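Hello,

Here is the structure I promised to pass on to you. Please open it beside this email, and then read on for what turned up in it.

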Amino acid sequence: MTRKPEILAPAGDTQSFLAAMAAGADAVYLGLKHFSARMQADNFGSAELSRMVELANENGRRIYVAFNTLVKPDDVPAAGRLIARLARDVKPHGLIIQDPGVLALARQAGYEGGLFLSTLANLTHPASLLAAKELGADRVILPRELSIDEVKQISAACPEGLDLEMFIHGALCWCVSGRCYWSSYMGGKSGLRGRCVQPCRRVYRQKGREGRFFSCQDLSIDVLVKTLAEIPHIRSLKIEGRKKGPHYVYHVVTAYRMLLDSLGTPDWPHAKKDAEALLEMALGRPVTRARFL
């Protein structure tokens, strides 16, 4: 293996950002006060974000900004102004985008960093990668519904110059990535606009039974990250959790840092044991490998 993928950590507040940095994340993704798919997180203003980008640059790390909601026609001027401000004052290393139209908007606004199509864009077919490349994307973030065989097929079809990113840990959605209207239907708050009220996690009653019938377990690829690291075009291994705290971020990032750094070395068995212990301490729901295998 000539190039290890980066470990990409979430940050919903400053303490989680610092925890990710301390644990050895290669990159951190976070959201602004607007146009973020996690509007319930604290998120960041442009002045605060500028200081974080400066700190990341000093330490050889990267900052990606989640600009990953659908943009309505009336939002376009405000979205363009915000991206122009990011390009001028903040200079993050990448933008995570759901709405394909924002790819062109970002370049028109003068942004020169990486453009990454979010998992919410739901690119699941190998041919969709060609369209992503033609639209100007530098990276595609794969949906969590894919199996390892499907990921390998997509990697084999990936055009040169386009990177792939994949979730390795964190919450799973009941619905298909980027195509859930349940929150909109239940309360008028769209998950595709960053305001999901998570109806899949609620208690329901049916025929005298009561339970959280739709609540998923959390994803944990854990030691199988070894398989992903060997797949061409996989450049980023992503941890979900912008609404989680610094305890979760630190333990999960540290565990995957151990696993990735020990690949191909005699330390792998020891690192595997320690990483599994750290992941158990990360405080989440019961874990699963979902459809990965």
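Phe214 is partly exposed, as its relative accessible area is 27%. Please keep in mind throughout that this is a predicted model.

The model has 4 aromatic pairs in total. In one of them, the ring centres of Trp182 and Tyr204 are 6.3 Å apart and the planes meet at 25°, so this pair is stacked. Trp182 belongs to helix 7 (residues 182-187) and Tyr204 to strand 8 (residues 204-206), so the pair ties together parts that are 22 residues apart in sequence. Trp182 is partly exposed, with a relative accessible area of 21%; the cut-off for buried is under 20%.

How do the rings of Tyr204 and Phe214 sit, with their planes at 90°? This pair is edge-to-face, because the planes are at that angle and the centres are 5.7 Å apart. It links distant parts of the chain, with Tyr204 in strand 8 and Phe214, 10 residues away, in the loop between strand 9 (209-211) and strand 10 (218-220).

**Charges over rings**

The charged end of Arg139 sits over the ring of Phe116, at 4.3 Å from the ring centre. Likewise, the charged end of Lys244 is placed over the ring of Tyr248, 3.9 Å from its centre.

Next, have a look at helix 4, which covers residues 101-108. Which of its residues are buried? They are Val102, Leu103, Leu105 and Ala106. Viewed down the axis of helix 4, these residues fall within an arc of 170°, so they line one face of the helix. As a reminder, an α-helix has 3.6 residues a turn, so residues three or four places apart point the same way.

What do the buried residues of helix 4 pack against? Their partners are strand 3 (62-67), helix 3 (76-90), strand 4 (94-97), strand 5 (114-117) and helix 5 (126-135). After helix 4 comes Gly110, which has a positive phi, near 95°.

In strand 5, Gly114 and Phe116 point one way while Leu115 and Leu117 point the other way, and all are buried. Phe116 is the residue whose ring lies under the charged end of Arg139.

Strand 5 pairs with strand 4 in the parallel sense, over 4 bridges. Within this pairing, Leu117 of strand 5 is the bridge partner of Ile97. To get from strand 4 to strand 5 the chain passes through helix 4, and this β-α-β crossover is right-handed.

Strand 5 is also joined to strand 6 (residues 139-141) by 2 bridges, and these strands run parallel. Here Leu117 stands opposite Val140 of strand 6. The chain goes from strand 5 through helix 5 to strand 6, and this β-α-β crossover is right-handed too.

**Two residues with a positive phi**

Most residues other than glycine have a negative phi. Lys91 is not a glycine, yet its phi is positive, about 60°. Lys91 is found in the loop between helix 3 and strand 4, and it is exposed, with a relative accessible area of 52%.

Lys207 is a further residue other than glycine with a positive phi, in this case near 50°. Where does Lys207 lie? It is in the loop between strand 8 and strand 9. Lys207 is exposed, with a relative accessible area of 82%.

Thr227 is in helix 8 (residues 225-228) and counts as partly exposed, at 27% relative accessibility. From Thr227 to Gly264 there are 37 residues in sequence and 12 Å in space, C-alpha to C-alpha.

Asp267 lies in the loop between helix 9 (246-261) and helix 10 (268-280). Is Asp267 buried or exposed? It is exposed, with a relative accessible area of 51%; the cut-off for exposed is over 50%. Asp267 and Leu30 are 237 residues apart along the chain, and their C-alpha atoms are separated by 32 Å.

Happy to go through any of this with you.

Best wishes

Definitions and conventions: Residues are numbered from 1 along each chain as its sequence is written. This is a predicted model: local features need pLDDT of at least 70, side-chain atom pairs count only at pLDDT 80 or more; totals for chains, interfaces and linings use all residues. Side-chain values use heavy atoms; hydrogens and water are left out. Buried means under 20% relative accessible area, exposed over 50%, partly exposed in between (1.4 Å probe, protein chains only). The arc is that of the directions from the helix axis to the C-beta atoms. Contact means heavy atoms within 4.5 Å. Two strands pair if DSSP finds at least two bridges between them. A crossover is right-handed if, with the strands pointing away from the viewer, the path from the first strand over the helix to the second runs clockwise. Rings of Phe, Tyr and Trp (its six-membered ring) pair if their centres lie within 6.5 Å; planes under 30 degrees apart count as stacked, over 60 as edge-to-face and the rest as tilted. A charge sits over a ring if NZ of Lys or CZ of Arg is within 6 Å of the ring centre and within 35 degrees of the ring normal.
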